[in-house]
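The structure is shown first, and the notes follow.

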Amino acid sequence: MYQSLFAQTGNLSWFVIKRNKLRFLIWLLVLTALTAGTAASFLGLYPSEAERQALTTAMVNPATTAMVGRGYGLDNYTFGAMLGHQMLAMTALTAGIMNILFVSRNTRGDEEDGKTETLLALPVGRTSSLTSVIASALLLNVVLVLAMTGALVVLDIESINLEGALLYSAAIGLCGFFFAAGTAFSAQLAQGAKTATGLAFGLLMIAYALRAVGDVNENAVSWFSPIGWAQRTEVFVSNIWWPLWLLAGASLLITVAALYINAARDTGSGLFSASKGRKEAGFLLQGTGGLIWRLQRTGILFWTAALFLLGITYGSVLTDTEAFFESTNVMQGVVSQTSDLTLSEQFLPVLMSVMALIGTIPVVMAALKIKAEEKKDRMQHILGRSISRIGLLAHYAAFSIALSIVMMLATAGGMVLAIDQESLSGSTVFASAFLYLPAFWVMTGLAVLLIGFFPKYTFVIWLYLGYSYIAVYFGEIFQFPDWVGELTPFGWVSSYPVEEIKPMPVIGLMLVSLVIGAAGFFGFIRRDTNG
């Protein structure tokens, strides 16, 4: 019986690996290069022990703790302790995104496209398809662990030894696989690919938020987060291995549950069935805009709620930061002692840039939805009615632009509810958030450009967003040259209220978005569909 359930799993795993080899390679190179590059940059940024110790004062404030995790090894802040403290949580978060996208695409995505049903018509086991994806995800994370370990060891940096490098890499790899298992499980619960992916990203966001809340308040809440488990290893300082058993055990249990449900449910269905629709279309479904909203409603509601909660979390952290530094004599890093601004105002641009980059994900997904509809041959049904190509693409672009406003409203609104209005006004928060809108629109324009001329390479925009994250988030920390940040639209956004609002970058970003968007429209109306 068990043999029939898993028949041809090995061959299917090899097929999954070959099919995703380019994506595998890109993810492995990016994460390995990010890890090795960060470790190497510490040598030039903080060459002396005194400079490293001076940094610890700024690294233990609530805002930094919420972003990267609680500090450890601060009495002897070696290069290894710096890497583990500042990079483990964020790299684990990135590895989680990698695994969610991979598993979602190859499980619910294939099932929704009818590919899984075609595979099951062959002499393969009932659970072979899901097992092959999980096995491929496991192999991806194992290779990632080996690559990151090798890169760190080759650097031959003081305090970054083989044991610490292996533990650091294993914590990230197991954390990534945990979210692979979680995505496989969510794919069994939901009936649609969008809902399954949304549930998986929801798990990731909750894990990050629980870790942040627990670390800031120094309580047991962070123990409910797999990212929190990974950080409990205190890598390069205490090198505690047993938290990894929690990650491995939880991943195994979730995997078994996913396989059990997969063996019992019908292909194309979910454990929780979708509710029956209305007999007649409502008012919104009588127009193209309403249809676009209906197709993406679940994901939009999830992302809006997630950013609203993240805004509340960071808003409360800003209030804690203000109280924390009132009793601290030494300030280093991103906060200036001589500024007339409050500490909350000085930290606001840093936190807002992170939330803006996260908010870009649903905005780009909304713009690229037309490509998914085209790929599944559903776009022709709409174009067969009284709407032109340019009109259809305009609806998707306008929807993406409107969504960008919603995302930043949710972010700023959540933060305003939690902040101390005496140290940071609501108008300042909303102004800081809305300054990112032109950067969002450039990303929408780029998505339209790719749809119009290079529909097979729309994944490039995700690579560009990843680059933007590295350039913006790590740029100031690691003192990248200015041109690194200026290659992304987010690098042109004024860090208000630390900097004055500069109108020219705002106008320039809007013009760029219009030009590349118009070019995308031109390409879309001239090319063949499904091309």
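How many cavities of 30 Å³ or more does the count come to? The count comes to three. The model is a predicted one.

## Cavities

The second largest cavity holds about 40 Å³ of space. Its lining consists of Leu-435, Trp-492, Val-493, Ser-494, Lys-502, Pro-505, Val-506 and Leu-509. Sorted by class, that lining has six nonpolar residues, one polar residue and one charged residue.

## Packing of H16 and H18

Helix H16 spans residues 389–418 and helix H18 spans residues 437–453. The two pack at an angle of about 155°, and their axes are 10 Å apart. Angles over 145 degrees count as roughly antiparallel, and H16 and H18 are therefore roughly antiparallel to each other. Where H16 passes H18, the crossing is right-handed.

On the H16 side, the contact is made by Leu-393, Ala-397, Ser-400, Ile-401, Ser-404, Ile-405 and Met-408. H18 contributes Leu-437, Phe-440, Trp-441, Thr-444, Val-448 and Ile-451. By class, the contact of H16 with H18 has ten nonpolar and three polar residues, with no charged residues.

## Packing of H18 and H19

H18 also packs with helix H19, which covers residues 460–473. The axes of H18 and H19 come within 10 Å and cross at roughly 155°, which makes H18 roughly antiparallel to H19. This crossing of H18 and H19 is right-handed.

Which residues make the contact between H18 and H19? From H18 they are Met-443, Leu-446, Ala-447 and Leu-450, and from H19 they are Val-460, Ile-461, Tyr-464 and Leu-465. By class, the contact of H18 with H19 has eight nonpolar residues, and neither polar nor charged residues take part.

## Backbone geometry in loops

Where does the cis peptide bond with omega of about 10° lie? This bond joins Tyr-496 and Pro-497. Pro-497 is in the loop between helix H20 (482–486) and helix H21 (503–526).

Ser-159 is placed in the loop between helix H8 (128–155) and helix H9 (162–189).

## Recap

H18 has a right-handed crossing with H16 and a right-handed crossing with H19. The contact of H16 with H18 includes three polar residues, whereas the contact of H18 with H19 has no polar residues.

Technical notes: Residues numbered from 1 in each chain as written. Predicted model: local features only at pLDDT ≥ 70, side-chain atom pairs only at ≥ 80, totals over all residues. Heavy atoms only, no water. Axes fitted to C-alpha atoms, helices over the stretch in contact; angles between N-to-C directions. Helix = DSSP H or I, 4+ residues; strand = E, 2+ residues; numbered from the N terminus. Parallel < 35°, antiparallel > 145°, perpendicular 65-115°, else oblique. Left-handed = near helix turned anticlockwise from the far one by under 90°. Contact = heavy atoms within 4.5 Å. Nonpolar A, V, L, I, M, F, W, Y, C, P; charged D, E, K, R; others polar. 1 Å grid on protein atoms, 1.4 Å probe; cavity = no way out; pocket = protein on both sides within 12 Å on 5 of 7 lines; lining within 4 Å. Points joined across faces, edges and corners; volume = space filled by probe spheres on them.
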